[in-house]
Each structure stands twice: as C-alpha cells, then as structure tokens.
Amino acid sequence: MAENEGDLVAKATEATHVVAEASDIVAAVVTTAAQDIGSYIRSQREAAQVSMRQLASRAGVSNPYLSQIERGLRNPSAEVLAQIAKGLRVSSEVLYIRAGILEARPHGPVREALLGDEHITERQKQVLIEIYDSFCRENESTQEPEPDEQETPDV
C-alpha cells in the first residue's frame with residue numbers, strides 16, 4: 001500500500017510540475033503577444049508621425065495606458081484595439097491579427113487594395129469587404145446544375 005501511495009505522490013508532484021510549466025508557457029505567450037502588438041502600434045504611430053498624446057486622444061484612451069500597451073505591459077481588448085486602429089487610420093483587422101485575436105486569412109488583390117486605400121474610412125473599408133465577401137460566398141454556393149438536372153428543349 002505504501003508503494004501505491006508513493007507512486008501517487010510522485011505522479012501528483014509530476015503533474016504539478018507539468019501544470020506549472022504550462023502556466024509559464026501561457027504567460028510567456030501572452031507577454032510576447034502584448035509586446036508584439038505594443039511594438040507594432042508604436043512603429044505604426046511613429047511611421048504616421050503621430051505623438052503618443054495625439055494617438056491617445058484620437059483613440060479615446062489615456063496617455064499612460066497607451067504607453068503601457070506600447071511597452072508590452074498591457075494587452076489591450078479588441079475594443080481598445082479598434083479605437084487605436086481608428087486613431088492610426090489602419091485596419092482594425094490588422095491589429096486583431098497581430099494581437100492574436102483573429103487568424104490571418106489569405107488576402108486577395110481586392111481585399112489588399114481596399115485595406116490599403118487611404119481615401120476611404122475604416123468603416124467604409126469594412127463595409128466594402130463585407131459586400132465583396134458576400135459576393136464570393138454567393139458565387140461559391142451558386143453552382144451549375146448537373147447535366148441530368150438541366151432542362152432539355154422540347155422537340
């Protein structure tokens with residue numbers, strides 16, 4: 001019986017170590033994602049030649065909070081990312097992908113052109129992409145009928 005208890009204790013200890021390692025890995029992934037999105041936001045802000053205060057004001061977030069995001073100390077919510085995207089005049093989809101909220105999907109030339117257009121707003125881009133996607137889905141679902149289903153002319 002003592003042997004079985006010893007085995008159980010050893011297994012419980014091993015399981016505890018596995019859980020601790022998994023927890024450390026998850027924490028590292030979250031920290032890396034926060035740093036990645038933060039550094040990306042900073043690089044986009046600098047490329048747009050916008051100060052941190054200007055972006056914070058445009059995005060409706062506090063300057064200290066934006067600073068913490070850029071330094072990777074905070075992981076912003078999807079809502080905050082959308083506000084920052086609007087302030088930077090970039091696609092919120094790009095920030096969602098960088099933050100790990102959305103998976104990257106292959107972009108076709110139409111989607112790329114829409115996302116890269118600087119003459120329309122983010123909302124207009126999203127509406128046009130939704131319309132384009134609906135056309136694509138409609139075309140995929142509309143298939144030519146099988147030969148035996150086609151009408152035959154009356155002879």
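Helix 2 (residues 52–59) packs against helix 3 (residues 63–70) at an angle of about 110°, their axes lying 9 Å apart. The model is predicted, so local features need pLDDT of at least 70 and side-chain atom pairs count only at pLDDT 80 or more, while totals for chains, interfaces and linings use all residues. Residues are numbered from 1 along each chain as its sequence is written, and side-chain values use heavy atoms, with hydrogens and water left out. Helices are DSSP runs (H or I, at least four residues) numbered from the N terminus; axes are lines fitted to C-alpha atoms over the stretch in contact, with angles from 0 to 180 degrees between N-to-C directions.

Helix 2 and helix 3 are therefore roughly perpendicular to each other (65 to 115 degrees). In this contact (heavy atoms within 4.5 Å), helix 2 contributes Met 52, Arg 53, Leu 55 and Ala 56, and helix 3 contributes Asn 63, Leu 66, Ser 67 and Glu 70. By class, the contact has four nonpolar, two polar and two charged residues (Ala, Val, Leu, Ile, Met, Phe, Trp, Tyr, Cys and Pro count as nonpolar, Asp, Glu, Lys and Arg as charged, and the others, Gly among them, as polar).

The axes of helix 6 (residues 109–116) and helix 7 (residues 122–141) cross at roughly 170° and come within 9 Å. That angle makes helix 6 roughly antiparallel to helix 7 (over 145 degrees). Val 110, Arg 111, Leu 114 and Leu 115 of helix 6 meet Lys 125, Gln 126, Leu 128, Ile 129, Tyr 132 and Asp 133 of helix 7. These residues divide into six nonpolar, one polar and three charged.

The largest pocket holds about 410 Å³ of space (a pocket is an open set of points on a 1 Å grid where a 1.4 Å probe fits, with protein on both sides within 12 Å along at least five of seven lines; lining residues have an atom within 4 Å of a point). Of its 19 lining residues, Arg 89, Val 90, Ser 91, Glu 122 and Lys 125 are closest to the centre. Helix 1 (2–47), helix 4 (78–88), helix 6 and helix 7 each supply at least two lining residues, and helix 7 gives the largest share, four residues. The lining comprises six nonpolar, six polar and seven charged residues.

Five salt bridges are found in the whole structure (a side-chain nitrogen of Lys or Arg within 4 Å of a carboxyl oxygen of Asp or Glu). One of them joins Arg 98 to Asp 36, with the closest N and O atoms 3.4 Å apart. Arg 98 lies in helix 5 (residues 92–99) and Asp 36 in helix 1, so the pair ties together parts that are 62 residues apart in sequence.

Key: Parallel < 35°, antiparallel > 145°, perpendicular 65-115°, else oblique. Points joined across faces, edges and corners; volume = space filled by probe spheres on them.
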